[in-house]
Amino acid sequence: MLVDLLLLASAVLAVGYVAVARPFDRAPLSLPLVALLAGVALGPWGAGVLDVPSLAEDPEALEHPLRILLALSVMGVALRYPVHAFRSVARPVLLLLLVVMPVMAVVTGVLAWATLGMPLAAAALVGAACSPTDPVLASSVVTGAPAERDVPARTRQIVSAESGANDGLALPVVLVALAVAGATSGAQAALDALREVGGAVVLGVLAGAATGLALRRAEDHRVSSHGPRLVVTALLALGVLGASGVLRLDGVLASFVAGLAFNAAATGPDRTQDVEVDEAVNKVAVLPLFLVLGAELPWQQWADFGAGAVLLVLGALVLRRLPIVLLLARPLGLGWPQAAFAGWFGPVGVSALFYAVLEHREADVSAEVVAAVMLVVVASTVVHGVTTLPGRRLLARATN
């Protein structure tokens, strides 16, 4: 019954979006935000139609849906980039991954410790989970005709590529936090990170290149068309994710690398047409997740945080990312307006929930940790969703 209601509500939202797509693009709302608000309205604090288990108490119920959604989403991000295009943003993306992401983890962890009074180990887990930017929410900012009109192409490429790459590469940060929390040793965390990340890269390259070559061969023999290509790339993401699970590798990173390798091996049309996979994920597949999230927000636990909840949200939104990106504007090759845009729009979303679930499974963390991560995710979904349109317009005025 619950699954049926989720599917029905998601379908209504998706059809409604299609019906009013053009006005919606000009509204200060993102589709994930609309789904989140719909979940609140339909949940126990609203109409009481959706009654789902407490996500803060039992987050592992979402582990597999989150993995699948992230794999499809990062695959879609990778499909936007032919190899030569990704090379043009490789330097700033590496800087964001190697410098900015660890800083975001530390800043958010310190904020959780200072505002909520969490033990340092628990605060480190909150910071690690919130360190990656989210490809689902970021796509609402940097894709579509309004974004192409208002945001410089290089800025869009940097934000998008970072959101795809850091979802998988946040795993070492999370493993370090688990070591701090005592769930594993530092040496074991380092070995696990090397094995899972290195193996994911190898698996992604092999699977993506093999699929791209096979598809190109089918194209040469005129046995494939646009529709099957879209299906193949989605199946590639799912297949790589499954293989990663069997081999105990970083499946999200493997899916992203597979998308890049696919682009390197496939033909030109594959590289441009398959971005529709990403659009479908962000506009449809994400809806049930945000509906569930909105229906089961841990309001009581947030109330127990007191004023610290407000301080954590404000700190996470303003201090987690924006200052360090502004500081690195020149090395990133961005002007001040572009750096402010990229610094502000580093949303926390599906990937943070995924890593909170992983932490819960590996360290049996308290519901307080999961509730804190959910608080940052919801705040980011709301604030970044509302500021997307004015943010793009401000950037357009500043750069024209």
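A salt bridge here is a side-chain nitrogen of Lys or Arg within 4 Å of a carboxyl oxygen of Asp or Glu. This is a predicted model, with local features needing pLDDT of at least 70 and side-chain atom pairs counting only at pLDDT 80 or more, while totals for chains, interfaces and linings use all residues. Residues are numbered from 1 along each chain as its sequence is written, and side-chain values use heavy atoms, with hydrogens and water left out.

**View 1. R149 pairs with D150.** The structure holds 5 salt bridges, and this close-up shows one of them, with N and O 3.2 Å apart. R149 is exposed at 57% relative accessible area, while D150 is buried at 9%. (Buried is under 20% relative accessible area, exposed is over 50%, and partly exposed is in between, using a 1.4 Å probe and protein chains only.)

**View 2. E162 reaches R321.** The closest N and O atoms of this salt bridge sit 2.8 Å apart. E162 belongs to helix 10 (residues 153–169) and R321 to the loop between helix 19 (307–318) and helix 20 (322–327), so the pair ties together parts 159 residues apart in sequence. (Helices are DSSP runs of H or I with at least four residues, numbered from the N terminus.) Both ends are tucked away: E162 is buried at 1% relative accessibility, and R321 is buried at 2%.

**View 3. E63, R361 and E362 form a salt-bridge network.** Within this network, R361 and E362 bring their closest N and O atoms to 2.7 Å. R361 is partly exposed, at 38% relative accessible area, and E362 is partly exposed too, at 41%.

**View 4. Helix 10 packs on helix 14.** The axes lie 6 Å apart and the packing angle is about 140°, which makes helix 10 oblique to helix 14. (Axes are lines fitted to C-alpha atoms, for helices over the stretch in contact, and angles run from 0 to 180 degrees between N-to-C directions; under 35 degrees is roughly parallel, over 145 roughly antiparallel, 65 to 115 roughly perpendicular, and the rest oblique.) The crossing is left-handed, meaning that the near helix is turned anticlockwise from the far one by less than a right angle; clockwise would be right-handed. Helix 10 brings A161, G164, A165, D167, G168 and L169 to the contact, and helix 14 brings V252, L253 and F256. (Contact means heavy atoms within 4.5 Å.) Sorted by type, these residues are 6 nonpolar, 2 polar and 1 charged. (Ala, Val, Leu, Ile, Met, Phe, Trp, Tyr, Cys and Pro count as nonpolar, Asp, Glu, Lys and Arg as charged, and the others, Gly among them, as polar.)

**View 5. Helix 8 runs alongside helix 24, roughly parallel.** The axes of helix 8 (residues 135–142) and helix 24 (residues 367–399) come within 9 Å and cross at roughly 20°, so helix 8 counts as roughly parallel to helix 24. The crossing of this pair is right-handed. L137, S140 and V141 on helix 8 touch S380, T381, T388 and R392 on helix 24. That contact splits into 2 nonpolar, 4 polar and 1 charged.

**View 6. R248 has a positive phi.** Most residues other than glycine have a negative phi. For R248, phi is near 60°. R248 sits in the loop between helix 13 (226–247) and helix 14 (251–265), and at 57% relative accessibility R248 is exposed.

Key. Helix = DSSP H or I, 4+ residues; strand = E, 2+ residues; numbered from the N terminus.
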